[in-house]
Amino acid sequence: SIYEMFGNECCLSTGEVIKVIGFKINKLIATICENNEVNRFSAKVELPLNFPGLYKVVADKTPYVSIEEITRKVSIGPTRFGHPRFYSSEDIKLANFTIKHGERITFTSVEEVSGTMAVNCVMVRNNQTHSFTLPLSQEGKFYECEDDQIYTLKEIAEWKIPKCRNRIVKLFNTLHTWDSSNPLPENFDGCLILMPVYEVQAVMKFRKDIVHILSDLDVEVKDITGCYDISSFLQPLSLEDVFERTSMEFPMIAEIMEGPSESQNPYNLLSAGKEIIIYKKYQATRVLASEIRSDSPKRHFLIPMSYKGKFKRRPRELPTAYDLEIARSEKEQLHVVATKAFVSPHKEFFSVSVGDQFLVQQGQTSEILNEGRKKLVDVLACEQILSDTYKKVLLPMYMEGRFVEVIHDKKRYHLSEISKEFRLPFNVKVSVRDLSIEEDVLAAVPGLQFEEEITDSYLLISSATNPVESWEIPVYRLNMLVHLLSKDAQGVVPPVTKTTVEEISEEQYYMVRRYENQTLHPPPRPPKKPT
């Protein structure tokens with residue numbers, strides 16, 4: 001049988017031995033539904049896994065009848081994606097613990113406990129975490145919990161579609177402007193029923209790449225697992241697989257079997273057939289930064305602490321008096337100028353004109369007369385800057401004006417200094433680019449907002465044939481497969497690490513913030529105007 005896949009012709013001849021290493025969802029057939037229901041007129045569209053957008057998973061209303069069924073059909077793994085949550089419709093009595101019906105149980109891993117296969121579980125009750133195991137033989141009615149997280153289609157395909165079940169998702173954010181090439185209706189904000197189309201991932205004895213075979217390929221095969229030495233096949237490893245190895249196993253030499261896509265690949269090094277040295281695994285800090293601009297889309301970056309450029313401060317825009325209170329610090333007095341007028345309905349508060357300048361003091365409460373009754377209101381104490389004096393004034397926290405920060409600090413800062421001395425978010429512009437980077441992408445951006453520091457997993461690698469410099473590659477954002485070579489790498493010292501500013505997509509930006517914060521809560525809003 002000869003077929004073509006991704007432009008490569010592959011021949012499966014009679015007698016060819018293939019080792020199946022996995023099944024992967026190749027694409028999704030999505031049925032557009034209303035009220036989570038489908039009828040014979042419902043439209044079907046084909047969606048690639050990289051289709052833009054963020055989605056919420058709708059909880060499956062059909063119960064699972066045992067823990068064993070859950071482990072067979074639901075992905076349970078080491079990352080947060082692989083920690084599904086269920087509740088039982090009835091109490092479950094354990095040896096020294098009773099799980100009440102309706103309590104949320106998080107499944108973290110499957111392992112053998114005292115000769116019996118069981119699921120490791122975690123549950124929070126009265127702000128206390130309880131850990132326990134449930135045997136696979138445990139029966140009952142287990143329902144999927146509502147999930148408040150947001151996911152890309154690729155993440156849903158990898159972790160959130162149970163075997164032999166449909167998955168309903170609701171569009172949360174399109175991330176892109178709709179155009180005629182979009183298979184979904186314009187302004188669509190409904191639900192989709194996802195049906196996966198699988199491909200088989202396999203390795204062949206005399207090939208070093210991964211063979212992708214569509215599941216509907218018409219070819220007859222026979223299972224010979226029990227009578228064949230499978231150790232003669234290459235063992236593909238993802239970056240996550242490599243990261244899960246113990247620290248004692250590093251450094252190691254590997255050959256790339258499948259490199260990242262062109263849009264992901266910052267180096268020519270990471271292409272199929274190239275040999276790399278993987279020196280170590282570790283967690284590293286990055287500053288998440290976004291381009292300052294009023295229109296979208298904004299560019300987003302992850303900046304390492306090793307970045308050698310320098311930054312100058314840029315003024316922040318602060319929409320309310322409440323934002324002024326949040327932005328002020330003990331280190332320096334916050335100086336702002338009003339860009340929008342505010343007329344106070346109460347004589348106790350100051351009416352703001354465009355151009356008024358203030359030094360922000362502190363938040364406090366103030367008593368006002370509201371319809372003949374005394375009322376305490378949260379206010380911000382400020383000093384208005386006049387030509388030759390200062391005037392003490394009170395601004396109500398609920399005031400919706402608009403202010404721009406006045407920057408007096410002309411100093412240039414390294415990233416590490418900003419991280420130590422200031423609270424994020426923080427606005428800057430590159431004043432001295434990093435000369436160690438061939439093309440410093442940050443230098444061309446007119447303004448950046450440092451949003452937060454994040455911690456992420458990295459592997460330190462270099463070329464095996466010409467190790468003049470090493471790079472940090474992100475474990476969970478780079479899709480590639482390698483196989484380990486038996487070459488000795490013990491005692492190999494990594495060359496100087498090249499500073500790399502990673503530009504990430506809008507989807508990855510949401511994902512990075514979600515990893516850090518679990519759920520993206522909106523910022524706190526100012527108190528309401530008294531009524």
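Predicted model: local features only at pLDDT ≥ 70, side-chain atom pairs only at ≥ 80, totals over all residues.

Residues are numbered from 1 along each chain as its sequence is written, and side-chain values use heavy atoms, with hydrogens and water left out.

**Stop 1: the whole chain**

Show the protein chain as a cartoon. The protein chain has 6 helices and 32 strands; helices (H or I, at least four residues) and strands (E, at least two) are DSSP runs, numbered from the N terminus. Along the principal axes, the C-alpha atoms fill a box of roughly 95 × 60 × 55 Å.

Of the 531 residues, 44% count as buried. Buried means under 20% relative accessible area, exposed over 50%, and partly exposed in between (1.4 Å probe, protein chains only). Switch to a surface: the protein chain exposes about 29,500 Å², with carbon and sulfur atoms supplying 49% of it. Accessible areas come from the Shrake-Rupley method with a 1.4 Å probe, and for residues only the protein chains shown count as cover.

Among contacts (heavy atoms within 4.5 Å) with a separation of 6 or more, 68% come from residues 24 or more positions apart.

Colour the charges next. There are 65 positive and 74 negative side chains, and the centres of the two sets lie 5 Å apart. Lys and Arg count as positive and Asp and Glu as negative, with His and the chain ends not counted; the place of a charge is taken as NZ of Lys, CZ of Arg, CG of Asp or CD of Glu.

**Stop 2**

Select residues 448–463, strand E29. Because 13 of its 16 residues are buried, strand E29 is largely enclosed by the rest of the structure.

Which strands pair with E29? Two strands pair if DSSP finds at least two bridges between them.

- Strand E19 (residues 275–291) runs antiparallel to E29 and is joined to it by 15 bridges. Ile 277 has Ser 462 of E29 as its bridge partner.
- Strand E28 (residues 426–432) is also antiparallel to E29, with 3 bridges. Here Val 428 stands opposite Leu 448.
- Strand E30 (residues 470–474) pairs with E29 in the antiparallel sense over 5 bridges. Leu 460 stands opposite Glu 472, and a hairpin of 6 residues links E29 to E30.

**Stop 3**

Move to residues 357–370 (E24) and 373–385 (E25), which pair in the antiparallel sense over 12 bridges. Thr 365 has Asp 378 in E25 as its bridge partner. The two strands form a hairpin with 2 residues between them, and Glu 371 in the turn has a positive phi of about 55°.

Continue to strand E26 (residues 390–396), which runs antiparallel to E25 with 7 bridges. Ile 385 stands opposite Tyr 390, and a hairpin joins E25 to E26 through 4 residues.

**Stop 4: cysteines**

Select the cysteine sulfurs. A disulfide is taken as a pair of cysteine sulfur atoms within 2.5 Å, and by this rule the count comes to 0.

Cys 121 counts as buried because its relative accessibility is 3%. Cys 164, at a relative accessible area of 77%, is exposed.

**Stop 5: Ser 88**

Ser 88 lies in strand E7 (residues 85–88) and is buried, with a relative accessible area of 4%. Leaving aside neighbours within four places in sequence, Ser 88 is in contact with His 101, Gly 102, Lys 141 and Phe 142.

**Stop 6**

Gln 201 sits in strand E15 (residues 191–204). Is Gln 201 buried or exposed? Its relative accessible area is 13%, so Gln 201 is buried. Beyond four places in sequence, its contacts include Lys 19, Val 20, Ile 21, Ile 210 and His 212.

Finish at Gln 490, in the loop between strand E31 (481–484) and strand E32 (502–504). Not counting residues up to four places away in sequence, Gln 490 touches Glu 249, Phe 250 and Pro 251. Gln 490 and Val 65 are 425 residues apart in sequence and 50 Å apart in space, C-alpha to C-alpha.
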